[in-house]
Amino acid sequence: MTTFADLGLPRDIVNVLRKEGITEPFPIQEAAIPDALAGRDVLGRGPTGSGKTFTFGLPMLARLAGAPSKPGHPRGLVLAPTRELAAQIRERLDAPAAALGLRVFDVVGGVNINQHIRALASPVDLLVATPGRAEDLINQKKLFFDAVEITALDEADQMADMGFLPQVRKLLDRTPKDGQRLLFSATLDGDVQKLVDRYMHDPVTHSTAPAEAAVDTMEHYRLLVGGREERGEIVLQIAAREGKTIMFMRTKHGVDRQVKKLRRAGINAQGLHGDKGQGARTRALEGFSDGSTPVLVATDIAARGIDVDDVSLVVHVDPPAEHKAYLHRAGRTARAGTSGTVVTLVMDEQRKEVDQLLRKAGVDAPAVEVEPMSPQLVTITGARVPQGSPLPPPGQPQGKGQRQPQRPNAAGGSGRGRRRPSRNRGGNRNRRSNAG
Ligand SMILES: Nc1ncnc2c1ncn2[C@@H]1O[C@H](COP(=O)(O)OP(=O)(O)OP(=O)(O)O)[C@@H](O)[C@H]1O
Ligand SMILES: [Mg+2]
């Protein structure tokens, strides 16, 4: 068996991983960590949930160890598309960084910028940032990229798409030309070539997934629901299942509306989208992670990178806009060798669109006709009839004398706390033993 030490990672990091129950490198880690440690530019593609964060993050830390950083001048930089993902990356790298005497910090939008300015007045070795906030800090002359030795782009293909490319280019142009660059995603398609050509030197590609980043512990279904009304009822019944469920909608408005409907039916759901305040966004994700909110309704803002334990079902309430989004949304379940189910709700007029999408995604998803509480629906999703009494909107107190109703069996999600009771330290995190 190959170990993390065999890959060349320092003993301090190996010890931290062991404490978290992580002892055996995943394929992408085994393939790419040695090259990243050797200073090569790496283009890495591994399926969702295959451990890419450590694949780029740990070699970065190892290479930064043992030298000082100046305040405002980080030597390592990770760019990520969303605030939640940047914060998560920082959190995952905290312990291994501390073991090497390094400081990791994240700067993201939605947080008072003065907080970041104060934090950057002390040395930060590895900075994790969303592009917008990094640019703001640079413009205010509180952050400089002239000392950046290694840059990683997580979700690199998204960072290379129209929405991000101009900003990402500007930021990368500020880093030294000869710096090391690591580009990772579950889907590395054509767009990313623009970044490869301009910023990478003789990159080595490590791909442990076919173009369609299939995860073989994931089951996919197309649920033919009929019309909009039936779909509405079916969504409620699916949401009343036991276990953690993520529901994806196309629009922010759709998320808000769906959360309202679910809560009215007594289901403790929260919404996550880009128009919500950062406080609400953080609460929604925390509640979902710790199991107190079993249903998260989100736009594609939650489609990439977000790593929450024990999500057993992903529901495309609205089909995603393109096939890559399908793969990333789906990848919120069946992570790190665990199993999970993904269903796409298909109304009659959406059949053709969804067929095409799944074909492009390279996913084989049997079509099953379902009706509210039909046996097939129950078998595939664990649907139940919602039984709780109405809940107020998230964040608002219950009515007088009313306690938060607990739906029997449903509050915590099936495996709450079973794996990784504390995210960072001590918990037995050997995911492989949980492989389905
Ligand atoms: N070698 C390992 N053994 C066991 N668990 C691991 C290992 N490496 C990573 N993990 C865990 O696997 C989970 C998924 O890792 P990570 O979030 O890095 O996936 P990813 O490849 O970035 O997925 P995505 O494409 O969705 O961003 C994390 O909870 C992480 O702690
Ligand atoms: Mg990731």
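**A guided conversation**

Tutor: Let us begin with one pair of residues: V104 has L126 as its bridge partner in β4. Please keep in mind that this is a predicted model.

Student: Which strand does β4 pair with over four bridges there, and in which sense?

Tutor: Strand β3 (residues 104-107) pairs with β4 in the parallel sense, over four bridges. Strand β2 (residues 76-79) also pairs with β4 in the parallel sense, again with four bridges. In that pairing, V78 has V128 as its bridge partner in β4.

Student: Are the faces of β4 covered or open?

Tutor: Both faces of β4 (residues 126-129) are covered. L126 and V128 are buried on one side, and L127 and A129 are buried on the other.

Student: Stepping back, how many helices and strands does the protein have?

Tutor: The protein has 15 helices and 14 strands. Of its 436 residues, 50% are buried.

Student: And what share of the contacts comes from residues 24 or more positions apart?

Tutor: Counting contacts with a separation of 6 or more, 77% are between residues 24 or more positions apart.

Student: Which residues touch the most other members of the largest nonpolar core?

Tutor: They are L61, L126 and A239, in a core of 120 residues. Helix α3 gives the most to this core, with seven residues. Domain 1 (11-209) and domain 2 (214-381) both contribute residues, so the core lies between them.

Student: What does L61 touch?

Tutor: Setting aside residues up to four places away in sequence, L61 touches I13, L93, P96, A97, L100, L102 and L126.

Student: Let us turn to the ligand. How many residues surround ligand 1?

Tutor: There are 21 residues around ligand 1, and the closest are T48, G51, K52, T53 and A336. By class, this shell has six nonpolar, nine polar and six charged residues.

Student: Which helix gives the most to that shell?

Tutor: Helix α3 (residues 52-64) does, with three residues. Domain 1 (11-209) and domain 2 (214-381) each supply at least three residues to the shell.

Student: You listed A336. Where is it, and is it buried or exposed?

Tutor: A336 is in the loop between α13 (323-330) and β13. A336 is buried, because 20 other C-beta atoms lie within 10 Å, and 20 or more is what burial requires.

Student: What is the phi of A336?

Tutor: The phi of A336 is near 50°, a positive value in a residue other than glycine. Most residues other than glycine have a negative phi.

Student: Which other residue has a positive phi, near 55°?

Tutor: M373 has a phi near 55° and is likewise a residue other than glycine. M373 is in the loop between β14 and α15 (375-381). It counts as partly exposed, with 13 C-beta neighbours inside 10 Å.

Student: A new topic: where is G179, and what does it touch?

Tutor: G179 is in the loop between α8 (165-173) and β6 (180-185). Leaving out residues up to four places away in sequence, G179 touches V148, E149, I150 and T151. G179 and T151 are 28 residues apart in sequence, with 7.4 Å between their C-alpha atoms. With 19 C-beta neighbours inside 10 Å, G179 counts as partly exposed.

Student: And K70, is it buried or exposed?

Tutor: K70 counts as exposed because 12 C-beta neighbours lie inside 10 Å, and 12 or fewer is the limit for that class. K70 is in the loop between α3 and β2.

Student: What is K70 in contact with?

Tutor: Apart from its neighbours within four places in sequence, K70 is in contact with P123 and A147. K70 and A147 are 77 residues apart along the chain, and their C-alpha atoms are separated by 8.6 Å.

Definitions and conventions. Residues are numbered from 1 along each chain as its sequence is written. Chains are lettered from A and ligands numbered from 1 in the order in which they are written. This is a predicted model: local features need pLDDT of at least 70, side-chain atom pairs count only at pLDDT 80 or more; totals for chains, interfaces and linings use all residues. A residue is near a molecule or strand if its C-beta atom, placed from the backbone, lies within 6 Å of it. Helices (H or I, at least four residues) and strands (E, at least two) are DSSP runs, numbered from the N terminus. Ala, Val, Leu, Ile, Met, Phe, Trp, Tyr, Cys and Pro count as nonpolar, Asp, Glu, Lys and Arg as charged, and the others, Gly among them, as polar. Domain bounds come from an automatic or database domain assignment. Two residues are in contact if their C-beta atoms, placed from the backbone, lie within 7 Å. A nonpolar core is a set of buried Ala, Val, Leu, Ile, Met, Phe, Trp, Tyr and Cys residues joined through C-beta atoms within 7 Å. Two strands pair if DSSP finds at least two bridges between them.
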